[in-house]
Amino acid sequence: MTAPGVEEGVRPERVVVERRLHPVTPFRRAWAPVAVVVGWAAHDPNQAQEQLTRLTTTTLVIALAVVVPAASLYGFLSWWFTHFSVTDSELRIRTGLLFRRTAHIRLERLQAVDVTQPLLARIAGVAKLRLDVVGADRKDELAFLDESEARALRAELLARAAGFAPETAHEVGEAPARELLRVPPRELAVALMLTGATWGALAAALVVPPVLWLVTHSVWTVLATGVPLLGAAGARSAGRFVGEYDWTVGESPDGLRIDHGLLDRTHETVPPGRVQTVRVVEPLLWRRRDWVRVELDVAGSANSVLVPVAPRAAAEAVIARVLPGAQVPASAAPSRPPRRAGRCVPLWWRGYGITVADTVFVARHGLLRRSVALVPHAKVQSVRLSQGPWKRLWRLADVHVDTGANKTVTARLRDAQEAAELLRGQADRSRTGRRDARSERWMA
């Protein structure tokens with residue numbers, strides 16, 4: 001029995017309800033006019049001080065009486081004219097006070113839906129929803145929503161993208177997650193202290209000032225150079241520690257979930273089947289502890305770190321969930337270039353190597369800071385062979401493997417005949433891999 005006026009087999013159109021952001025949002029937007037004034041004062045502090053001394057008390061009170069209501073009105077109107085709605089096939093975001101902009105985000109094109117909470121947002125109990133869309137240059141976002149509403153909307157969007165009917169998407173909820181790995185703060189701090197970049201910045205801060213003193217004999221020059229260098233050395237490590245604090249990786253039907261952050265809390269998702277490349281990085285000072293860092297390339301997504309630091313066995317267990325069936329080769333396993341490659345790249349040629357497995361193409365490079373890149377055969381977009389005149393003289397060639405994330409993994413300094421066979425074989429493996437690849441749909 002169908003409702004009157006509705007043809008059998010045709011689902012009636014669902015009423016689209018437009019929603020607004022959290023009422024705290026105007027306070028965020030009201031800072032725009034204030035930021036302009038602060039920026040002008042920071043750009044030319046002398047003129048700003050002169051202008052401020054000329055103002056009388058009456059003028060200052062009148063200025064504040066105009067600026068504060070104007071900023072408040074701007075924030076309120078920006079919030080009032082911002083709406084979003086979820087239809088059967090897309091998320092619509094309407095923004096703009098004078099110039100209207102409507103974003104139509106197709107649900108099947110969603111790459112990732114992340115929930116982030118800056119420090120002040122955590123205090124206010126709100127969150128920001130960031131949307132990675134395939135083919136988009138930048139992320140669209142909904143800032144701010146109530147924290148529970150943001151998580152519910154994220155679950156609904158993922159359920160819709162997975163193919164659930166609109167009527168049941170609300171009931172699906174957020175898929176449960178099973179914790180795979182958690183990085184202890186102490187381990188993260190030690191790893192940052194053993195990073196070459198930290199020691200390099202610290203060495204520069206200790207070496208450059210004495211050299212400048214010998215050249216200039218100026219205390220101010222030494223302070224003006226040494227203090228920023230020393231601050232940069234500490235800020236780099238401190239920034240990474242704050243951002244990667246309490247790094248947790250969990251597994252759920254919608255992909256791997258990553259939670260991290262000391263001040264700003266971020267909840268990210270690595271989409272299933274859309275990882276283009278996984279890199280296992282092993283800095284020199286980490287080898288004694290057998291620690292590695294895992295990075296990845298996801299097409300259309302800014303997520304670039306999977307595990308900031310972890311024992312090799314634990315990291316490989318996480319990689320196995322991202323690339324089923326793939327194994328990270330041991331340090332000595334990749335096939336090195338022939339010895340004559342030393343004619344092109346002395347000494348460092350020993351750091352290059354390749355391995356071709358059933359599911360992935362593996363390329364290694366680096367002696368001090370080793371990096372092993374794993375590219376699933378199904379994600380290879382093109383394969384190229386390059387050979388300059390000097391390499392041609394020594395019968396060597398490079399094989400470049402291009403992925404869908406606009407990145408390239410290169411097998412360098414291979415024997416020319418081996419490179420030609422690798423080129424033909426990789427093209428066949430890529431076609432077979434795409435045919436047998438698993439679904440990229442959410443929760444599939």
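Helices (H or I, at least four residues) and strands (E, at least two) are DSSP runs, numbered from the N terminus. The model is predicted, so local features need pLDDT of at least 70 and side-chain atom pairs count only at pLDDT 80 or more, while totals for chains, interfaces and linings use all residues. Residues are numbered from 1 along each chain as its sequence is written, and side-chain values use heavy atoms, with hydrogens and water left out.

Strand 4 (residues 110–117) and strand 10 pair in the antiparallel sense over three bridges; two strands count as paired if DSSP finds at least two bridges between them. Strand 9 (residues 255–260) also runs antiparallel to strand 10, and five bridges join them. In that pairing, L256 has V270 as its bridge partner. Strands 9 and 10 form a hairpin with four residues between them, and G261 in the turn has a positive phi of about 120°.

## How enclosed is strand 10?

Strand 10 (residues 265–270) is largely enclosed by the rest of the structure, because six of its six residues are buried. Here buried means under 20% relative accessible area, exposed over 50%, and partly exposed in between (1.4 Å probe, protein chains only). In a regular strand the side chains alternate between the two faces of the sheet. In strand 10, R265, H267 and T269 point one way, while T266, E268 and V270 point the other.

Helix 9 (residues 196–216) has 21 residues and reaches 30 Å from its first C-alpha to its last, close to the 30 Å expected. The expected span is 1.5 Å times one less than the number of residues. Its buried residues are T198, A205 and P209. After helix 9 comes H217, with a positive phi near 55°.

Helix 9 gives the largest share of the patch, six residues, and helix 10 (219–244) supplies at least two.

## The whole protein

The protein has 13 helices and 19 strands, and buried residues make up 40% of its 444 residues.
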